[in-house]
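Here is a short briefing on one protein chain. Look over the sequence and the fold, then read the points below.

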Amino acid sequence: MKQEGDDSRLFFRGAQNRSHEKMKLRKRKSTLYLSPWKSTERRGDLLGENIYLVLFTTALRIWIPRLAQALLSAIADIRLYSLMKQLENQQMARWVFFCQLCSWFTWYCCTRTLTNTMETVLTIIALFYYPLEGSKSVNSVKYSSLVALAFIIRPTAIIPWIPLVFRHFWQEQKKLDLILHQFLPIGFVILSLSLIIDRIFFGQWTLVQYNFLKFNVLQNLGTFYGSHPWHWYFSQGFPAVLGTHLPFFIHGCFLAPKRYRILLVTVLWTLLVYSMLSHKEFRFIYPVLPFCMVFCGYSLNHLKMWKKPALSFLFLSNMLLALYTGLVHQRGTLDVMTHIQELCYNKPDKSSASVFIMMPCHSTPYYSHVHYPLPMRFLQCPPDLTGKSQYLDEADIFYLNPVNWLDKEFHNDSTLPTHLIIFSILEEEISAFLISSNYERTAVFFHTHLPEGRTGSHIYVYERKLEGTLNRR
């Protein structure tokens, strides 16, 4: 047992040395986190008595953030409904609310703990207090505070608000008071709080918003994670996010009153600004999706013929896509971490286990889904901050020649991890290494019907078996 414990510590220590970083696990006071080489009998008793409680609390740690984000998204949706009820009437508000709720992309993103999701929530709530013509809930202090908070969370949140704030400033009679008594004090307070919080966590004064701007815009290092042509949002991104709402959005743009023109300008402005950045993702334009639903609602409200077929088409097409992307597509990376978590708690004899995730980096969640001091490692892909012309990250080097990389990395058996997690597409290429190192496939998880590149249709878990175990079989 001690030898196995030493092996796992060697693997974990090797991972630390290779990354040139100190990986520290938080100290746990619970006896459930006793060292694997101490009191195994006591540990087994504790796990036997508390296994269901531990698994339940671990599930709560995973689900509470999602539920909290879902609640915030629901509050934002209700604010959107209330705003449209003020600006128009209850019937119009219902159509906008319907469009928002049956959007497949809303379902896909609204419970995910992404900064883009929180940015969207704050944008909708801020719009509720924004001085739109006909709004009865105008409060400049509240809306500007929410915009400032969204900017602190994700600096790109300011992009949709540039035309909106400029319009407010242009129409405001007391422009100087608006700047001196509202915008500047609120910005100063929110930014100061951000600086203080970052000072506490980083240990030095750090302007995170500037670093974000420098990395993504000035240095354009986001291209390291992929780039698209300038027209991508117009030709692919925006149509995909809107989905079957697209024809209703276009129809609504011609029907909506002039006072909503600022919302359309905001959508176009946001798409144009993001188009200037090389790195593009669907989620970046999620904050303007609710703006589009206003125009979709106008389209449905003015439909006389074919209204029921249109509603059925919107609902069914979006719900099928929402269910598929939410429950089926790319689910394997979550399922495999649940398996690893159960491995930790259900099998006390696996206390010396170690895991190596041989996938494109950040394919799976990490300790946020395990909550156990299990030595784990994944292929690294840090961006190049040194300006090298031929820079390759660890993942790139691995995929150039996986078997050669594995032979060099694990030059002796003592450094081998007990478990490997790979995509099915990699299995054949490293089969010689798996056989020679006594690895056996112990679990298979479906991942996607649309594998591409380094991503396979399934995820395999391999466990290293001792020679004695293999011989007995």
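**Cavities, a helix and a disulfide**

Helices α2 (40-87) and α5 (115-129) each supply at least two residues of the lining of the largest cavity. Helices (H or I, at least four residues) and strands (E, at least two) are DSSP runs, numbered from the N terminus. This is a predicted model: local features need pLDDT of at least 70, side-chain atom pairs count only at pLDDT 80 or more, and totals for chains, interfaces and linings use all residues. Residues are numbered from 1 along each chain as its sequence is written, and side-chain values use heavy atoms, with hydrogens and water left out.

**The chain overall**

- The chain has 20 helices and 5 strands.
- Of its 473 residues, 45% count as buried. Buried means under 20% relative accessible area, exposed means over 50%, and partly exposed is in between (1.4 Å probe, protein chains only).
- Take the contacts between residues at least 6 apart in sequence: 72% of them join residues at least 24 apart. Contact means heavy atoms within 4.5 Å.

**Cavities**

- There are 2 cavities of 30 Å³ or more. On a 1 Å grid over the protein atoms alone, a cavity is a set of points where a 1.4 Å probe fits but cannot get out, and lining residues have an atom within 4 Å of a point.
- The largest cavity has a volume of about 40 Å³. Grid points are joined across faces, edges and corners, and a volume is the space filled by probe spheres set on the points.
- Residues lining the largest cavity include S73, A76, D77, C110, T120, V121 and I124.

**Helix α14**

- Helix α14 covers residues 307-327, 21 residues in total. It reaches 30 Å from its first C-alpha to its last, close to the 30 Å expected at 1.5 Å a residue. The expected span is 1.5 Å times one less than the number of residues.
- Its buried residues are K307, A310, L311, L314, N318, M319, A322 and T325. Seen down the axis of α14, they fall within an arc of 140°, so they line one face of the helix. The arc is that of the directions from the helix axis to the C-beta atoms.
- An α-helix has 3.6 residues a turn, so residues three or four places apart point the same way.
- On the other side of α14, K308, L320 and L327 are exposed.
- The buried residues of α14 pack against α3 (90-101), α4 (104-109), α11 (246-255) and α13 (289-302).

**Cysteines**

- The structure holds 1 disulfide, which joins C361 to C381 with an S to S distance of 1.7 Å. A disulfide is a pair of cysteine sulfur atoms within 2.5 Å.
- The pair links distant parts of the chain, 20 residues apart. C361 sits in the loop between β1 (355-358) and β2 (376-378), and C381 in the loop between β2 and α16 (394-400).
- C361 is buried at 19% relative accessible area, and C381 is buried at 5%.
- C110 is in no disulfide, and the nearest cysteine sulfur, that of C109, is 8.0 Å away. C110 is buried, at 13%.
- C253 is in no disulfide either, and the nearest cysteine sulfur, that of C292, is 7.7 Å away. C253 is partly exposed, at 24%.

**Proline 365**

- P365 lies in the loop between β1 and β2 and is buried, at 15%.
- Leaving aside neighbours within four places in sequence, P365 is in contact with T333, L334 and M337.

Conventions
On a 1 Å grid over the protein atoms alone, a cavity is a set of points where a 1.4 Å probe fits but cannot get out, and a pocket is an open set with protein on both sides within 12 Å along at least five of seven lines; lining residues have an atom within 4 Å of a point.
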